[in-house]
Amino acid sequence: MTVEFATESAAETTARPQPALADVGVVALVPERWGGMWLSRHQILTRLSRYFHVVWYNPPRSWRKLARVTAHTDPTPPPAHGFEIYEHEPWLPKFYKPRALDRATEQARLVRSRRLLERAGCSRMVLYAWRPEFVDALDMVPHDLSCYHIADEYSFANVEHPIPDDERELIERVDQVFVHSPALMEKKGHINPHTAYVTNGVDYASFAADHGEPADMAAIPHPRIGYVGRIKSQIDWKTLIGIARARPDWSLVLVGPMGHIGNHQADRAELFAMPNVHYLGNRSVREVPAYVRHMDVCLLCYALTDYTRYIFPLKLHEYLASGRPVVGSDIRTLRDFTDTVRIAHDPGGWLRAIEDSLNPAERSHARVEARRRVAREYDWNTITARIAGILCERLGGDAPGRYRAAIERGL
């Protein structure tokens with residue numbers, strides 16, 4: 001059974017006080033501070049602490065913003081063992097200029113984050129970068145292995161851009177690359193010979209479990225057509241508006257934090273003003289499965305751009321693990337899941353696909369199990385175990401054998 005580290009009992013965490021390879025440490029260079037919406041790096045790095053000590057390197061605050069406190073909507077605690085968060089000292093904030101001061105303070109922060117691992121008994125270090133801007137860190141702190149996890153197309157642009165120089169340099173220089181989606185693999189997977197394809201996953205046990213209906217959903221009429229995730233510019237706003245307008249007897253339910261929506265403010269206002277549209281706001285990683293569970297159809301409704309062709313939606317396998325029918329846009333990733341996901345190509349196609357998904361036969365045990373069978377293959381525990389195994393192979397020495405022994409013990 002998959003266990004979400006954030007909800008482990010005291011007995012479970014006490015039973016696992018040390019990572020399997022406690023002499024190996026990972027400095028995780030991430031683009032956001034701990035405490036926000038959980039993404040793939042949260043899921044992977046918390047589970048990676050089963051194998052190695054992990055330090056989440058909180059991005060530094062600007063010296064101008066040291067006194068500013070950021071309120072997070074999902075303050076899910078990290079694992080109790082094998083995982084630490086490095087928060088920089090007040091005298092080591094982010095300086096943009098002069099460049100020499102900026103580099104000196106960055107190096108000092110990296111050295112201090114490494115010392116957390118040394119104090120935990122780590123003698124071998126892995127530098128695990130999650131964004132191109134961390135390329136300079138390769139020269140700032142000693143490490144035994146470096147890797148780069150490409151979880152997105154970081155131009156975030158709707159039109160195609162060439163690979164930027166800093167990202168190409170990072171891909172070329174690290175010892176190991178992990179690539180997140182089939183389209184990203186096609187674009188960037190050929191640069192470094194040590195590149196592995198690693199997709200998004202799911203906390204299968206949480207999303208497949210029975211959950212009581214959230215109180216704020218109880219009054220929303222069925223059928224509920226749901227989107228659970230960040231509300232952002234990449235959503236196909238016109239299609240959502242069209243669905244809600246064409247079928248006032250359907251309830252369109254959106255759950256998730258409000259992100260950057262660009263020039264879609266008018267679309268958002270129009271959509272949210274409709275009487276059959278219900279925006280419930282953000283929910284924590286522990287609350288989300290209950291909302292998915294009580295939808296009738298789940299949507300992966302994205303505008304078709306040069307950016308969305310590269311994404312691997314985090315909610316894909318979360319939806320499938322719940323057993324709910326899924327309808328999605330014709331993005332590259334979903335074309336590999338047409339046995340369990342209906343792909344819509346135009347406004348009429350969206351309405352037909354949702355209608356077909358509401359057919360009672362789609363809630364049969366056979367159809368629900370077909371979706372869950374796919375999701376089980378992408379459990380975060382399985383994905384993280386593969387990443388840990390690759391890192392151990394690249395570290396060499398006794399690491400591969402100790403990793404295999406840990407797996408045989410049922411870690």
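**Entry 1: strands 11 to 13**

I started at Gly328, whose bridge partner in strand 13 is Ile343. Strand 12 (326-329) and strand 13 (341-344) pair in the parallel sense over four bridges. For pairing I used the DSSP rule: two strands pair if at least two bridges are found between them. The elements are DSSP runs numbered from the N terminus, helices being H or I with at least four residues and strands E with at least two.

Strand 11 pairs with strand 12 in the parallel sense, over three bridges, and Leu300 has Gly328 as its bridge partner in strand 12. Strand 11, helix 10 and strand 12 form a right-handed β-α-β unit. Right-handed here means that, with the strands pointing away from the viewer, the path from the first strand over the helix to the second runs clockwise.

**Entry 2: what I am looking at**

This is a predicted model, in which I took local features at pLDDT of at least 70 and side-chain atom pairs only at pLDDT 80 or more, while totals for chains, interfaces and linings use all residues. Residues are numbered from 1 along each chain as its sequence is written, and side-chain values use heavy atoms, with hydrogens and water left out.

I checked the confidence, pLDDT being the predictor's own score for each residue from 0 to 100. The chain has a mean pLDDT of 92, and 93% of its residues reach 70 or more. Residues 1-15 stay under 50, and the model has 33 contacts for them beyond four places in sequence. A contact is heavy atoms within 4.5 Å.

**Entry 3: strand 9**

Is strand 9 (residues 251-255) buried or exposed? Five of its five residues are buried, so the strand is largely enclosed by the rest of the structure. My cut-offs are under 20% relative accessible area for buried, over 50% for exposed and partly exposed in between, with a 1.4 Å probe and protein chains only.

Next I looked up the neighbours. Strand 8 (residues 224-228) runs parallel to strand 9, joined by five bridges, and Val228 has Val255 as its bridge partner. The chain gets from strand 8 to strand 9 through helix 7 (residues 237-246), in a right-handed β-α-β crossover. Strand 10 (residues 277-279) also runs parallel to strand 9, with three bridges, and Val277 in strand 10 stands opposite Leu252. Strand 9, helix 8 (residues 265-272) and strand 10 make a right-handed β-α-β unit too.

**Entry 4: aromatics**

I searched the whole structure and got 14 aromatic pairs. Rings of Phe, Tyr and Trp (its six-membered ring) pair if their centres lie within 6.5 Å; planes under 30 degrees apart are stacked, over 60 edge-to-face and the rest tilted.

Phe156 and Tyr307 have ring centres 5.9 Å apart and planes at 45 degrees, so they are a tilted pair. Phe156 sits in the loop between strand 5 (145-150) and helix 4 (165-173) and Tyr307 in the loop between strand 11 (297-300) and helix 10 (315-322), so the pair ties together parts 151 residues apart in sequence. Phe156 is partly exposed at 37%, whereas Tyr307 is buried at 5%.

Phe312 and Phe337 come out edge-to-face, because their planes are at 85 degrees, with centres 6.2 Å apart. Phe312 is in the loop between strand 11 and helix 10 and Phe337 in the loop between strand 12 and strand 13, 25 residues apart. Phe312 is buried at 4%, and Phe337 is buried at 8%.

I also noted one aromatic cluster of Trp34, Trp38, Trp56 and Phe83.

Most residues other than glycine have a negative phi, and most peptide bonds are trans. Phe156 has a positive phi of about 55 degrees and is not a glycine. The peptide bond between His222 and Pro223 is cis, with omega about -5 degrees. Pro223 lies in the loop between helix 6 (204-208) and strand 8.

**Entry 5: His194**

What is His194 in contact with, leaving aside its neighbours within four places in sequence? I found Asp175, Gln176, Val177 and Arg394. C-alpha to C-alpha, His194 and Gln176 are 5.2 Å apart, at 18 residues apart in sequence. His194 is in the loop between helix 5 (182-188) and strand 7 (195-197), and it is partly exposed at 36%.
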